[in-house]
Amino acid sequence: MSTTDDAFAAAYRAHYWAVSRFVARRLDPGAHEVEEVVADVFSIAWRRRAELPPETPLPWLYAVARNCLANTVRGLGRRRRLLDRIGHHERAHRRQIVAGPDAERPGAWVHEALARLSPADQEALRLTTWEELTLDELAVALECGKNAAAMRLHRARRRLRAEIDRMNMTVPAGGRDRD
């Protein structure tokens, strides 16, 4: 086995579950596509194993996963639009169901505020919060420079704060990001 093969095998063993969680958090709950996307990520990583950073492969794998997710989401959107047009899809019929008053999950307002942001802002926040990436790792995952990543994160945090303020929600002072 070559050193690139060994590096790939080590990255696969060390980061399979992190990549799986990364993908699962970004697809609809119960999506069956998670395993397919993760398989695509590692298939691409295998083909491009010479590019795999040996010291910190996880942010690079996240960048590959983001691209695979974009392809999958586009495909799912096309499928949903087709099924909605023919009218035989459970999602089309579920639209008439109204959730009960107790259906709101704790902290749902955070998800609501996050959902109001652009996909790029959401991703910068998720990568640093859910995936716990450093600024250097964020730059790799977003495929940009460190300064650009820092600016994207700063702006995303500022926009999230504005959305929370618009929703008249308050966050304890300790939870505030100091810009």
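**View 1. Packing of helix α5 against helix α8.** Helix α5 (residues 108–115) and helix α8 (residues 146–166) pack at an angle of about 120°, their axes lying 9 Å apart, and α5 is therefore oblique to α8 (angles under 35 degrees count as roughly parallel, over 145 as roughly antiparallel, 65 to 115 as roughly perpendicular and the rest as oblique). The contact (heavy atoms within 4.5 Å) is made by Trp 109, Ala 113 and Leu 114 of α5 together with Leu 160, Glu 163 and Ile 164 of α8. By class, these residues of the contact of α5 with α8 comprise five nonpolar, no polar and one charged.

**View 2. Packing of helix α6 against helix α7.** Helix α6 (residues 119–129) meets helix α7 (residues 135–142) at an angle of about 135°, with 10 Å between their axes, so the two helices are oblique to each other. Glu 123, Ala 124, Leu 127 and Thr 128 of α6 make the contact with Leu 138, Ala 141 and Leu 142 of α7.

View 3. Asp 5, which is placed in helix α1 (residues 3–26), counts as buried at 14% relative accessibility (buried means under 20% relative accessible area, with a 1.4 Å probe and protein chains only). The side chain of Asp 5 makes a polar contact with the side chain of Arg 49 at 2.6 Å (a pair of N or O atoms within 3.5 Å, one able to donate a hydrogen and the other to accept it).

Residues are numbered from 1 along each chain as its sequence is written, and side-chain values use heavy atoms, leaving out hydrogens and water. In this predicted model, local features need pLDDT of at least 70 and side-chain atom pairs count only at pLDDT 80 or more, whereas totals for chains, interfaces and linings use all residues.

Terms used
Axes fitted to C-alpha atoms, helices over the stretch in contact; angles between N-to-C directions. Helix = DSSP H or I, 4+ residues; strand = E, 2+ residues; numbered from the N terminus. Nonpolar A, V, L, I, M, F, W, Y, C, P; charged D, E, K, R; others polar. Buried < 20%, exposed > 50% of the residue type's maximum accessible area, 1.4 Å probe, protein only.
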